[in-house]
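Hi everyone, thanks for coming. Let me put the model up, and then we can look at a pocket and a helix together.

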Amino acid sequence: MTTLRGNWNYPTSVRFGPGRIAELPDACQTLGIKRPLLVTDPGLAALPMISNALESCRSAGLDCVVFSDVKANPIEANVTRGVTTYRAGGHDGVIAFGGGSALDAGKAIALMVGQTRPMWDFEDREDWYTRVNVAGIAPTIGVPTTSGTGSEVGRAAVITDVRDHTKKIIFHPRMQPQLVIADPELTLGLPPHVTAAVGMDALSHNLEAFCAPFFHPLADGIAVEGMRLIREWLPIAVKNGASIEARAHMMAASAMGATAFQKGLGAMHSLSHPCSANLNTHHGLTNGVVMPYVLAWNRSALEGKLSRLAAYLGLRPSFDAVLDWIIELRAQIGIPNTLADLGVQPEHAARFSRQAFEDPSTGGNPVPMSADGFAALYRNCIEGRLDPARG
Ligand SMILES: [Zn+2]
């Protein structure tokens, strides 16, 4: 077994390897944080993982406090309360510790503690990020506990706007944590169905980034290796959660997906966001469900690209080989086949298709999309129809 440890300096400073959570106090000291606010979710807050982290910070003389009022799909009120807690406690940095929701909430809190404008002014549109008071952003350490979102190396936070039930992307390049502790031991306790769902999120990030029609060879290179790791290790991580090797490779693939998707995402994420914002479906699971239908939809733009990908993955070099692999993988790890299985009904399609069309991920889809196109694509995902049919 190769060593699963490394110190990486892109896309940010990453301390990767089993057991490295012990370096959390040192990481705080590296960033000059003395009074960290540790942002996590209520489920994790009850686990020894968080009490141990708290204890190690406190024994190192750091005045660390836990904030865990974070929903599974975080909302603005979670961020607002976090900002209030941060200011009231005189904190000087954030430890964003958890899955995508806790990481995103922590990053949004770190952004908002230094701003006077409302958070929605920093949505990922045009050049809105230039409105941010950069000096006010709190130093942040990212600690992922799932392998899917990759948010620990991402530059945005997805927050649900409860006024119109849409997921909005809050973006600033400096929202990327300055330091990441990626310790795969933190994911050993993830149950198989969660491992599978978040793993499909990592796959969707690598795949959509690779398929996005922009010139970005760096992202493409990272994405294909991310997908190779997922092909080899996701089934093992689901089947044998105690395999630290599988857990480590999935944690790397997750960070690779989020690094690659600086290039762009696509219709998988556009379709998925309205489902989660309205029906609270799991983000990664939803991406996993819609994945083959979106690929089939985009076939005309992807034949050559997916043949190259297939060759790298050790598959017969063709579009269909990649599509077949994804369908097999989904069945193998227990991802449902249709959006109907997640409670999405035909009557949702009209409303969701408008939201999907307006989603910022839409611009990265290899085939230009319309609201009507999304309505048709939702129907495919609900009815389980691969359309256009395979070649
Ligand atoms: Zn995602």
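Which residues line the second largest pocket? They are Trp-8, Tyr-10, Pro-11, Val-14, Val-153, Ile-222, Glu-225, Leu-229, Ala-252, Ala-255, Met-256 and Thr-259. This is a predicted model, where local features need pLDDT of at least 70 and side-chain atom pairs count only at 80 or more, while totals for chains, interfaces and linings use all residues. Residues are numbered from 1 along each chain as its sequence is written, and side-chain values use heavy atoms, leaving out hydrogens and water.

A pocket here is an open set of points on a 1 Å grid over the protein atoms alone, with protein on both sides within 12 Å along at least five of seven lines; its lining residues have an atom within 4 Å of a point. This one holds about 240 Å³ of space, a volume being the space filled by probe spheres (1.4 Å probe) set on the points. α8 (244–260) and α7 each give two or more residues to the lining, and α8 has the largest share, with 4.

Now to helix α11, residues 299–313; helices are DSSP runs of H or I, at least four residues. Just after α11, Gly-314 has a positive phi of about 80°. Thanks, all!

Notes:
The expected span of a helix is 1.5 Å times one less than its number of residues.
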